[in-house]
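This report walks through a single protein model. Please look over the sequence and the structure before reading on.

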Amino acid sequence: MRWVPLWSFLDEEAESQQMKFIASSNPPVGVVEAVKRFNWNVNYSGLIHSVSQEGLFAENKEKLIVNCLMIILDSCHNLSAAAWEQVFLALRKLFASKAGFSAFYAVPRPTHFQKCALCRLREMLGSAVMIALKLNDDGVSQVAIDALCALMHPLHDNYELKVEQMNKWSLLSSRKFVEHILDMFCFHVRHGTGALVVTSVLDFLTFALCMPYGETTPAEQFDMVLELLVARARTLYKLFEYPSLTIVKGAGLVIQAMIEVNYVTLNDIKLKFSLSMIS
């Protein structure tokens, strides 16, 4: 199913063809198969040729990317756990492009139809993430949070800080949603499971709170996430015992952000860390 060797990359025409397969497929089975083919051929870092070239008959890559996002999200019904993983992996690769990153909140000079479509895109993504998280499958949860992380911080060049800020505002505006993610995070920390889920949530929190990423987080959402984290600080300190240095570093960055805004003090850390060791 892969068109080129693993050490090679698709050219511009082949990348466009992969997206056209998704755009022309019949949901839901056809879309899932097209998404699998897309994931087999497009690297984890995302599309290489995601910007429209100049020319009278040049292909509109931005429109094609947005169409793929809409079609994938519109076909997310009664999927298996394996299919959900493929869906969110493809979404993550599309969100890594400038068009995909911007599509979550806005596009330049949108028409009325595009405005409605983009609002629907946000709603469908939110519904898809909640359905996926309720499956209680570690693989699905990890890749779903990873897809959201691609919207928290741009993975492309020449990005606009305003778009990043509005994406964070949209993702963090629901207190219930953030609580659900943190509760899932705490469950895995307490039971010593889901290392990849813990890593993804720490990345999510890093992009929301830690410098320099936290500078684009709206103040209201920033304070809300910190408030929810402080209530779960005892669980967070348990991560200093984790065998993975990546997770230990991520936890340290989050706690550092809490200290910098005076939500906790060093004495609080010593006390709660001691209590976490006892429990």
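P212 sits in the loop between helix 10 (195-209) and helix 11 (219-230). The peptide bond joining M211 and P212 is cis, with omega about 5°. The model is predicted.

Y213 forms an aromatic pair with F207. The ring centres lie 5.0 Å apart and the planes meet at 90°, so this pair is edge-to-face. F207 is buried, at 16% relative accessible area. Y213 is partly exposed, at 28%.

## Overall fold

The protein chain has 14 helices and 0 strands. Read from the N terminus, the order of elements is α-α-α-α-α-α-α-α-α-α-α-α-α-α. The chain holds 279 residues, and 48% of them count as buried.

Take the contacts between residues at least 6 apart in sequence: 71% of them join residues at least 24 apart. The accessible surface of the chain is about 14100 Å². Carbon and sulfur atoms account for 57% of that surface.

How many aromatic pairs does the structure hold? The count is 2. One of them is W84 with F88, a stacked pair. Their ring centres are 5.6 Å apart, with 20° between the planes.

Both residues belong to helix 4 (residues 81-95). They are 4 residues apart there, which means a separation of about one helical turn. Are W84 and F88 buried or exposed? Both are buried.

## Arginines over rings

Two arginines place a charged end over an aromatic ring. For R37, the ring is that of F21, and the charged end is 4.9 Å from the ring centre. For R92, the ring is that of Y44, and the distance to the centre is 4.0 Å.

## Cysteines

A disulfide is a covalent bond between the sulfur atoms of two cysteines. How many disulfides does this model have? The count comes to 0, with sulfur atoms required to lie within 2.5 Å.

C76 is buried, with a relative accessible area of 7%. C210 is buried too, at 5% relative accessibility.

## The loop between helix 3 and helix 4

S75 is found in the loop between helix 3 (61-74) and helix 4. Its relative accessible area is 3%, so S75 counts as buried. The side chain of S75 reaches a backbone oxygen, that of I72, at 2.8 Å.

N78 lies in the loop between helix 3 and helix 4 as well. Is N78 buried or exposed? N78 is exposed, with a relative accessible area of 83%. Its phi is positive, near 55°, and N78 is not a glycine.

## Another asparagine with positive phi

N136 is not a glycine, yet its phi is positive, at about 55°. N136 lies in the loop between helix 6 (112-133) and helix 7 (138-152). At 67% relative accessible area, N136 is exposed.

## Before helix 1

Where does P5 lie? P5 is in the segment before helix 1 (12-23). P5 counts as partly exposed, at 39% relative accessibility.

P5 and N41 are 36 residues apart in sequence. In space they are 9.2 Å apart, C-alpha to C-alpha.

Conventions: Residues numbered from 1 in each chain as written. Predicted model: local features only at pLDDT ≥ 70, side-chain atom pairs only at ≥ 80, totals over all residues. Heavy atoms only, no water. Phe/Tyr/Trp six-rings, centres within 6.5 Å; stacked < 30°, edge-to-face > 60°. Helix = DSSP H or I, 4+ residues; strand = E, 2+ residues; numbered from the N terminus. Buried < 20%, exposed > 50% of the residue type's maximum accessible area, 1.4 Å probe, protein only. Lys NZ or Arg CZ within 6 Å of the ring centre and 35° of its normal. Contact = heavy atoms within 4.5 Å. Areas by Shrake-Rupley, 256 points an atom, 1.4 Å probe, with all protein chains shown as cover. Polar contact = N/O pair within 3.5 Å; in protein donor to acceptor, adjacent residues only side chain to side chain.
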